[in-house]
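I opened my notebook to look up two things in this model.

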Amino acid sequence: ERLNCLVPAHPIAGKEVAGIEHAEASLYQDRALILTPLAHNTPVQIAQATALWQALGSRVHHMSPDQHDQTFAAVSHLPHLLAFAAVNALSAQDQGAAFLKMAGPGFRDFSRIAASDPDVWRDILSANQAEVLKQTSLFRAALEQFENLQGFLERVWAAEGAIMDEATCELGTELGALEALLSGTTTTMD
């Protein structure tokens, strides 16, 4: 009966550490908060939930549960999965520990979220599996496009007759082929 009063909410204010020892009074200040009202929630309940989170300093947004899952698969779940995968791949290498000793702030920024609780993320990734798989497919396609671009660039620089105007750094017809590749259209090179 009381569950009918629940207006689901997702504060976008997490940390990679948990526990009371990591509590912050200002955790929700100026942070996005997503309300995902359900069909049985009344306008009064939604208004009360909105007011409560705004009183804590949150910027409240409303989304359907499906919109929430799509959005956070893209901007939260996939990035966490990528950080976990990158750290695991690095750790599995024979020289992984030596590589990590050379890591700078950029790697620490990227990999910080890999320190998150794996049990929590197992549950999140499992619950939103369909949307996460859509995002991994899109990421894989983007990575393949980059790998294809890299191969294309290597062929352009190595090809006989590739003329580079050093003053303007233009590649002539090869530049048009590169632009076509980036835009997703196909072209043939002479």
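Is the crossing of helix 2 and helix 5 left-handed or right-handed? I found it left-handed: the near helix is turned anticlockwise from the far one by less than a right angle. Helices here are DSSP runs (H or I, at least four residues), numbered from the N terminus.

I noted that the model is predicted, with local features needing pLDDT of at least 70 and side-chain atom pairs pLDDT 80 or more, while totals for chains, interfaces and linings use all residues. Residues are numbered from 1 along each chain, and side-chain values use heavy atoms, without hydrogens and water.

Next I looked up the axes, which are lines fitted to C-alpha atoms over the stretch in contact, with angles from 0 to 180 degrees between N-to-C directions. Those of helix 2 (residues 65-92) and helix 5 (residues 118-127) come within 11 Å and cross at roughly 130°.

Then I listed the contacts (heavy atoms within 4.5 Å). From helix 2, Ser76, His77, His80, Leu81 and Phe84 meet Trp121, Ile124 and Leu125 of helix 5.

Last, I turned to the pocket. I read that 6 residues, the largest share of the lining of the largest pocket, come from helix 2. Strand 1 (9-11; strands are E runs of at least two), helix 2 and helix 5 each give two or more residues to that lining.
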